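Welcome, and please take a moment to look over the model below. We will walk through it together, one region at a time.

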Amino acid sequence: MEKKISLKGSFSTDWIRYSEYEYKTAEDGSTYIIPSRDAVFSMYNPFDVAQELLMDLMKIGDMAIKLEGDSNKNFETLKKPLMIFVRKYGLLGLISASAYNRNIIGEKNILMIENNHITKKEIINAEEYVNMFIPFINEGDIKIGEYKNKVYLAKSEDSPSFYGKRPVVMDLIFSMFYSEKIDWIIDFAKLIVKHFNQLLMFRNSLNYLIENVTIMAGQFHAEKIGFTINQLDKTFIAWQFDSLKTAIETIYAFAVTDEKIILNRCSNCKEIFIAKSDREKYCNTSCRNRANVRKSRNKKSSSKKEN
Ligand SMILES: [Zn+2]
């Protein structure tokens, strides 16, 4: 049987990725990741690659947590996997996922969700907020205007526009001017892994739990998932996501609650893998063999000591 995260209902959302990205340093000294000027975009559905997407993100989170314990904290080594991740899946859409406001563009103030990765402020001036995601734009790249009482965003390039069908901010996220700080993305990857580590801790102490425990309460804010009811050969729910971040959180939630597959950590190499049952402790046969060899060696050496 194939081990796959089952996503009940018809989860779909189109997301955009560019063929090339680059690292750029902003005036405040922080490193951003942004589509390259000659890059081309393509659309995809993150739920079609749910499992790979989640595992790739958690690998980055694992690496980042390991680096935290390192004395020189060399985050440079994260740049390569991060670049591969963004080329495969695009940026997270944090401008939308971090705020309660729907359109963001053209609004006065932005109400931030708690535990966001962008700022500690609860309310932030909208212009200041939007500028954090477009620090490299030149004059004329983006024009925000109003037409018949509706705010619109005009771009000096050809990337998808939704003409009011989706929040205006999506027009910005899908443009090649939109960028995200690498610290924000790494922070998010770390959070998912920390949540998973907590979950494993509770799962392994299952016998002691008498009441249900909320694991790291207040971390997920999927407040802006919408849905429509669609008809093709059958009637289905089409879920709409405001960001890749929310899509990943949803995939994660399904992955850890799925009864057919179990997200686990290999007892040998400590990598996250998908197990069929809780008895499956190793990610592959070579890890199991290595662990068995080690066990029998330990047995031999301890029996020698006894002699
Ligand atoms: Zn392993």
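Which residues have the most contacts inside the largest nonpolar core? They are Leu 54, Leu 57, Ala 189, Ile 192, Ile 248 and Ile 251, in a core of 61 residues. Such a core is a set of buried Ala, Val, Leu, Ile, Met, Phe, Trp, Tyr and Cys residues joined through C-beta atoms within 7 Å. Helix α6 gives the most to this core, with eight residues. In soluble globular proteins, nonpolar side chains tend to be buried together.

Before going further, please keep in mind that this is a predicted model, where local features need pLDDT of at least 70, side-chain atom pairs count only at pLDDT 80 or more, and totals for chains, interfaces and linings use all residues. Numbering starts from 1 along each chain as its sequence is written.

**The overall picture**

The protein chain has eight helices and 14 strands; these are DSSP runs numbered from the N terminus, with helices (H or I) of at least four residues and strands (E) of at least two. Its C-alpha atoms fill a box of roughly 90 × 50 × 35 Å along the principal axes. Of the 307 residues in the protein chain, 29% count as buried. A residue is buried if 20 or more other C-beta atoms lie within 10 Å of its own, exposed if 12 or fewer, and partly exposed in between, with C-beta atoms placed from the backbone.

**Helices that cross**

Helix α1 (residues 50-69) packs against two helices, α6 (residues 182-204) and α7 (residues 244-257). Axes here are lines fitted to C-alpha atoms, over the stretch in contact, and angles run from 0 to 180 degrees between N-to-C directions.

| Helix pair | Angle | Axis separation |
|---|---|---|
| α1 and α6 | about 90° | 7 Å |
| α1 and α7 | about 100° | 10 Å |

The helices α1 and α6 are therefore roughly perpendicular to each other, a label for angles of 65 to 115 degrees. The pair α1 and α7 is roughly perpendicular too. Ala 50, Leu 53, Leu 54 and Leu 57 of α1 make the contact with Ile 248, Ile 251, Tyr 252 and Ala 255 of α7. By class, these are eight nonpolar residues, with no polar and no charged ones. Nonpolar means Ala, Val, Leu, Ile, Met, Phe, Trp, Tyr, Cys and Pro; charged means Asp, Glu, Lys and Arg; the others, Gly among them, are polar.

Setting aside neighbours within four places in sequence, Ile 248 is in contact with Leu 53, Leu 54 and Leu 57; contact requires C-beta atoms, placed from the backbone, within 7 Å.

Leu 199 lies in helix α6 and is partly exposed, with 17 other C-beta atoms within 10 Å. Leu 199 and Val 256 are 57 residues apart in sequence, yet their C-alpha atoms are 8.7 Å apart in space.

Finally, look at the open sheet of three strands, ordered β3-β4-β10 with antiparallel pairing. Strands β3 (21-25) and β10 (180-181) stand at the edges with a single partner strand each, so one side of each is left without a neighbour in the sheet. Strands pair if DSSP finds at least two bridges between them, and β4 (residues 31-35) pairs with β10 over two bridges.

Phe 136 sits in the loop between α4 (126-131) and β8 (142-147). Beyond its neighbours within four places in sequence, Phe 136 is in contact with Lys 24, Ile 34 and Ser 179.

Notes. Parallel < 35°, antiparallel > 145°, perpendicular 65-115°, else oblique. Contact = placed C-beta atoms within 7 Å.
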